[in-house]
Structure formats: structure tokens, C-alpha cells
Amino acid sequence: MPFSPFRLKNLSLKNRIVRSATYEKRADVDGFATDYLASLYKDLAKGGSGLIISGCALVHISGRILPQMICIHNDHYTDRLKKITEAVHRYPAKIFIQLVHGGRQCHPEMLGGEAPLAPSAVHDPSTGITPNEMTNEQIWEIIESFVYAARRAIEAGFDGIQLHGAHGYLISSFISPHTNRRDDYWGGDEVRRFHFLEEVYKSIRNEIGEEYPIAIKMNSSDFVNGGLEINESARIARQLQILGFDAIEVSGGMYEAGHKTSQTGISTPDQEAYFRQAAAEFKKELFIPVILAGGIRSFSVMQDIIKKGYSDLVSLSRPLIREPNLPNKMMEGKQKADCISCNGCMRFKKLDIVRCTQIEH
Ligand SMILES: Cc1cc2nc3c(=O)[nH]c(=O)nc-3n(C[C@H](O)[C@H](O)[C@H](O)COP(=O)(O)O)c2cc1C
């Protein structure tokens with residue numbers, strides 16, 4: 001079943017295994033795609049994933065999260081991004097770009113010393129930073145930057161867009177009652193907290209047309225006091241479907257919550273797929289495809305998730321850092337990923353590139 005084809009809007013995916021968005025630290029210092037980065041995407045496409053979601057790509061310089069992340073915030077980036085899509089399309093794989101603005105979780109170091117932007121000035125104890133509350137003008141400017149980025153992505157040959165609406169970054173922080181304390185069009189209750197995402201979606205759809213899939217990765221729960229919880233996130237998912245989103249990837253957590261997104265010490269099938277119950281709640285509300293991320297390591301778990309209807313597709317990040325050809329290996333009978341979920345690959349500052357620290361390079 002993980003290897004049965006799947007139709008996502010107008011796209012035929014050769015299987016249901018997705019590479020979940022993964023920052024690679026392989027763009028150049030200015031954020032341009034490199035041959036090195038393209039070769040990683042070639043390996044992923046050749047390795048058997050049906051759909052690849054790019055590492056988060058920056059839509060506006062005020063939202064820079066990490067060094068050497070992929071950038072798409074101006075027209076100069078478009079041509080070089082074609083290296084990635086061309087590498088992928090030499091194989092029967094599809095690729096979405098993940099668009100991000102880092103919002104309150106950007107470090108001033110990444111912003112030339114400026115404080116990050118957020119819906120509200122809510123202190124983040126995990127970074128020690130209090131962001132600036134965005135003005136109405138700043139909000140519209142960022143919405144516009146998502147639209148331009150989406151247009152460039154289509155020009156560069158991506159098959160679709162995924163909005164990064166999870167993990168406490170800007171879109172997620174507008175949705176969350178913990179980080180959005182506004183009382184205007186952009187916040188105050190569940191409906192108004194949804195407006196930022198709604199405006200981003202509508203403006204992108206208007207720009208790129210009906211043909212291209214637009215997906216979103218979103219939190220099932222923020223795992224912080226006063227944050228988004230499953231009952232509300234499942235309701236929001238239904239609103240996203242009504243709006244026109246074509247797929248939802250279920251995740252969770254934010255910096256403040258500790259290691260909830262990429263959990264460590266996954267050694268038994270029960271510990272795998274740690275957002276599976278949340279995905280099941282989403283599935284109850286939705287007919288568009290649900291993608292489940294988080295801790296999926298075994299072929300039997302993938303099968304079980306799809307068979308029991310927790311989600312339609314499964315997505316993996318850390319296992320594909322270690323083994324970009326894991327889907328092909330599983331097709332040949334491999335039962336379990338080699339990834340031990342140690343998060344060595346997340347020591348971004350220490351590593352020259354994102355890589356598995358368990359194997360010699
Ligand atoms: C090195 C690394 C980089 C990541 N970068 C992103 C990213 O750019 N966008 C995103 O939505 N999630 C990102 N994630 C989270 C993963 O996509 C995924 O949701 C999480 O790691 C759980 O899946 P896994 O257990 O298969 O790793 C990253 C995770 C890792 C380990």
C-alpha cells in the first residue's frame with residue numbers, strides 16, 4: 001500500500017511516501033540553489049520517494065530562520081531553483097516547494113540585529129527574544145511576498161506549493177492563541193486568527209490559478225499552555241479544505257515546546273508515527289489527502305497507518321537524511337529505517353551541512 005500510486009489533485013504520485021520538508025544547509029551563503037543541493041534532490045528522487053517537499057524556502061528577508069536556507073524572496077533566485085526541479089524530474093517523482101516566513105522564531109543574528117516580526121509581542125522563553133508586533137502594512141507586505149514566491153516557484157518548475165503553517169513560524173503563530181493576542185482583523189478569536197492564512201492562500205491561488213496543488217503543513221497541537229490544541233486544529237483543517245487547500249500534512253510543536261516535532265528515542269513501532277491519533281482526528285473532518293509526519297520508521301507501520309486510515313500518505317525527514325534511497329530499499333524488502341532518531345542531524349550550528357552524524361562522511 002505505501003507503494004500504491006496516489007492522485008493528489010492533478011498529480012499522479014507513484015507511491016505514498018513523501019519526503020517531509022527538511023532544511024539542508026546546502027544553498028550558498030546568499031541562499032541560491034547549488035549543484036550540491038540539486039544532487040541531494042536527485043538522490044531523493046532516484047531513491048524512490050513519490051513526492052518530495054523542499055527544505056523551507058524564504059519568502060521575505062524579515063523571516064530568515066537559518067544560514068544557507070533556500071531563498072526565493074526575489075526574482076534572482078528563480079533560475080537557479082530550476083537546478084532542483086530538473087534534477088527531480090529526471091525521475092518519476094514530484095516536488096513541492098515549502099514556503100516559510102520564520103516570524104517570532106527568527107534569531108536577530110539572522111536579521112542583521114533586528115527583532116523578529118510576529119502577530120504579537122509575546123516573549124519566547126526558548127530563544128529569550130521578544131518579537132515586534134506587526135503593523136497592518138507589514139502584514140500585507142508579507143502576504144504579498146508569499147504570492148511572489150509562489151509565482152517564482154511555479155516558474156522554476158515546482159509541481160506545487162506547501163505553506164509552512166506549523167512549528168511556531170509566522171503562519172502558525174497567527175493561528176495559535178498563545179502567540180496571537182491581537183484584537184483586530186488578524187486576531188481576537190478563532191475566525192480572526194485564521195485570516196492571515198486565508199489571505200495568503202486566496203492571494204496565491206489568485207496568482208497561480210486552479211491547476212497547481214497548494215498544500216499546508218500544520219500543527220495538530222502546539223504543546224504549550226494556551227496554544228493550539230487538537231479540537232481547534234481539526235476545525236481549522238476543515239476550514240482549509242473549504243478554502244481550497246489540496247492536502248494537509250499533520251505535525252506539531254514549536255520551539256517553546258521542546259522536542260515535540262522531531263522526537264527522539266523512537267525504537268518500537270508504538271513509538272513511531274507519534275501524531276497518528278491527531279491525523280485520525282483530521283481525517284474525520286476531511287476528504288482531501290492527509291499526510292502524516294513524525295517518527296515513521298518501519299514499513300509495517302506505514303502499511304498500518306494507511307490501511308487503518310490514519311492518513312493517506314506518510315512523510316519522513318530524518319530517515320531520508322541517512323538513507324535517501326530508503327523507499328527503494330523498502331520496495332526490495334527492507335523493513336526498517338537505519339535512523340535512530342538521535343537528532344544529530346539537527347545540530348545545525350555545528351554541522352557544515354545537514355547530515356546523519358551516525359555515519360562517516
Ligand atoms: C534536519 C531537519 C530539518 C528540518 N527542516 C524542516 C523544514 O524545513 N520544514 C519543516 O516543515 N519541517 C522541518 N523539519 C521537521 C521534519 O520535516 C519532520 O516534521 C520531523 O522531523 C518529524 O519527522 P521524522 O521523524 O521523519 O524526522 C526538519 C527536521 C530535521 C531533522
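A: Start with the pairing of strands E10 and E11 (residues 247-251): the two run parallel and are joined by five bridges. The model is a predicted one.

Q: What makes E10 and E11 count as paired strands?
A: Pairing needs at least two bridges between two strands. E10 and E11 have five bridges, so they pair. One of these links is between Met218 and its bridge partner in E11, Val250.

Q: Which strand is joined to E10 by five bridges besides E11?
A: Strand E9 (residues 160-165) is joined to E10 by five bridges, and these two strands also run parallel. His164 has Lys217 of E10 as its bridge partner.

Q: What do E10, helix H7 (residues 230-243) and E11 make together?
A: They make a β-α-β unit, and it is right-handed. The term right-handed applies because, with the strands pointing away from the viewer, the path from the first strand over the helix to the second runs clockwise.

Q: Why is strand E10 (residues 214-219) said to be largely enclosed by the rest of the structure?
A: Six of its six residues are buried, so the strand is largely enclosed. Ile214, Ile216 and Met218 point one way, while Ala215, Lys217 and Asn219 point the other way. In a regular strand, side chains alternate between the two faces of the sheet.

Q: How do you know that Pro116 is buried?
A: The label needs 20 or more other C-beta atoms within 10 Å. Pro116 has 26 within that distance, so Pro116 is buried. Pro116 sits in the loop between strand E6 (94-100) and strand E7 (117-118). Leaving aside neighbours within four places in sequence, its contacts include Gly102, Leu111 and Pro131.

Q: What makes Ile248 stand out in the largest nonpolar core?
A: That core has 104 residues, and Ile248 and Leu292 are those with the most contacts inside it. Helix H3 (residues 136-155) gives the most to this core, with eight residues. Leaving aside neighbours within four places in sequence, the residues in contact with Ile248 include Ala215, Ile216 and Met218. Also among them are Leu240, Phe282 and Val290. In soluble globular proteins, nonpolar side chains tend to be buried together.

Q: How do the residues of the shell around the ligand divide into nonpolar, polar and charged?
A: There are 11 nonpolar, 11 polar and two charged residues. Ser20, Ala21, Cys56, Ser317 and Arg318 come nearest, of the 24 residues around the ligand. Strand E4 (51-58) and helix H10 (318-322) are the elements that give two or more residues to this shell.

Definitions and conventions
Residues numbered from 1 in each chain as written. Predicted model: local features only at pLDDT ≥ 70, side-chain atom pairs only at ≥ 80, totals over all residues. Near = placed C-beta within 6 Å. Helix = DSSP H or I, 4+ residues; strand = E, 2+ residues; numbered from the N terminus. Nonpolar A, V, L, I, M, F, W, Y, C, P; charged D, E, K, R; others polar. Buried ≥ 20, exposed ≤ 12 C-beta atoms within 10 Å, placed from the backbone. Core = buried A, V, L, I, M, F, W, Y, C linked by C-beta atoms within 7 Å. Contact = placed C-beta atoms within 7 Å.
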